[in-house]
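Thanks, everyone, for making the time this morning. I would like to walk through one model with you, so please have a look at it while I talk.

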Amino acid sequence: MYTYEELKNFVDHCPRCPLSGTRNHSVMGKGSLDARMMFIAEAPGYNEDRDGVPFTGPSGTVFDELLAEIGLRRQDIYLTNIVKCHPPKNRDPLPEEQEACIAYLKYETLLIRPQIMVCLGRIAAQRIIRPDYRITREHGTFLFRKNTWLTAVYHPSAILRDPAKLEEAKEDFRKIQEKYREL
Ligand code: URA
Ligand code: SF4
C-alpha cells in the first residue's frame, strides 16, 4: 500500500498512457483524506490541465454551487476524475486511457474509504456503476455495493450546456444530503 503522497507523486510523473505526452499537468484528486463522500468526474479540462487541480474552470463554479446547496465545501469532500490527464480538445477519454488510469482511482478509494461515491456524468457512471448506465433516466438513484453507496448526477458541464438540468441536479444533491446525514 502506498501513502497518499506517494500516489500523488506517481500520478504527477505517470507515463502509463499517451495522454502523458500532451498534458501540461496531471490532475490528482483533491480534498479531505477523511472525507465520507467522494465525487468522481471524467477527466481534467483545459483549465485543470493548466492548474493541476480538479474543477478550477466554469464547471467548478457549478459544482461549488451544488455543494453549497447541501452545506458542504470542497475541503469537506474528496473530488477526483476517472482519468488524471486532459484529453486533447476535450474529447471523451478512450477506454484504454481509462483502463490505464483506473488503478489510481482504486488507490484513492482504498486510502479514503468513502461511504458514498457520486459519479459526475455519464462517463464516470458507466465506468463505476454499470457500462450501460443511462444518466438521463437513472441520475439520483442509489445502489449499495461493496459497503459503499453509489449514485450519479449530471456533469456540471452538462448543466452549463442546458441550464434546465440545474433544478434536477439540486434535487439529486438533496437526496445525497439525506443519505449523507443518515449514515
Ligand atoms: N471536467 C471534469 O470532468 N473534471 C474536471 O476536473 C474538470 C472538468
Ligand atoms: Fe497516467 Fe492516467 Fe495520465 Fe494516462 S491519464 S498518463 S494513466 S495519469
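Helices here are DSSP runs of H or I with at least four residues, strands are runs of E with at least two, and both are numbered from the N terminus. What you see is a predicted model, in which local features need pLDDT of at least 70 and side-chain atom pairs count only at pLDDT 80 or more, while totals for chains, interfaces and linings use all residues. Residues are numbered from 1 along each chain as its sequence is written, chains are lettered from A and ligands numbered from 1 in the order in which they are written, and side-chain values use heavy atoms, with hydrogens and water left out.

Let me begin with leucine 105, which is found in helix H4. Leucine 105 is buried, at a relative accessible area of 3%, where buried means under 20%, exposed over 50% and partly exposed in between, using a 1.4 Å probe and protein chains only. If we set aside residues up to four places away in sequence, leucine 105 touches Met38, Ile40, Thr80, Ile82, Lys84 and Ile128, contact meaning heavy atoms within 4.5 Å. Its C-alpha atom and that of lysine 84, which is 21 residues apart along the chain, are separated by 9.1 Å.

Now to the core. A nonpolar core is a set of buried Ala, Val, Leu, Ile, Met, Phe, Trp, Tyr and Cys residues joined through side-chain atoms within 4.5 Å. The largest one has 53 residues, of which Met37, Phe39 and Ile128 touch the most other members. Helix H4, residues 95-112, gives the most to this core, with six residues. In soluble globular proteins, nonpolar side chains tend to be buried together.

Leaving aside neighbours within four places in sequence, aspartate 172 is in contact with His139, Gly140, Ala152 and Val153.

Finally, the backbone. Phenylalanine 55 and arginine 113 are not glycines, yet phenylalanine 55 has a positive phi of about 50°, and arginine 113 has a positive phi of about 50° as well.
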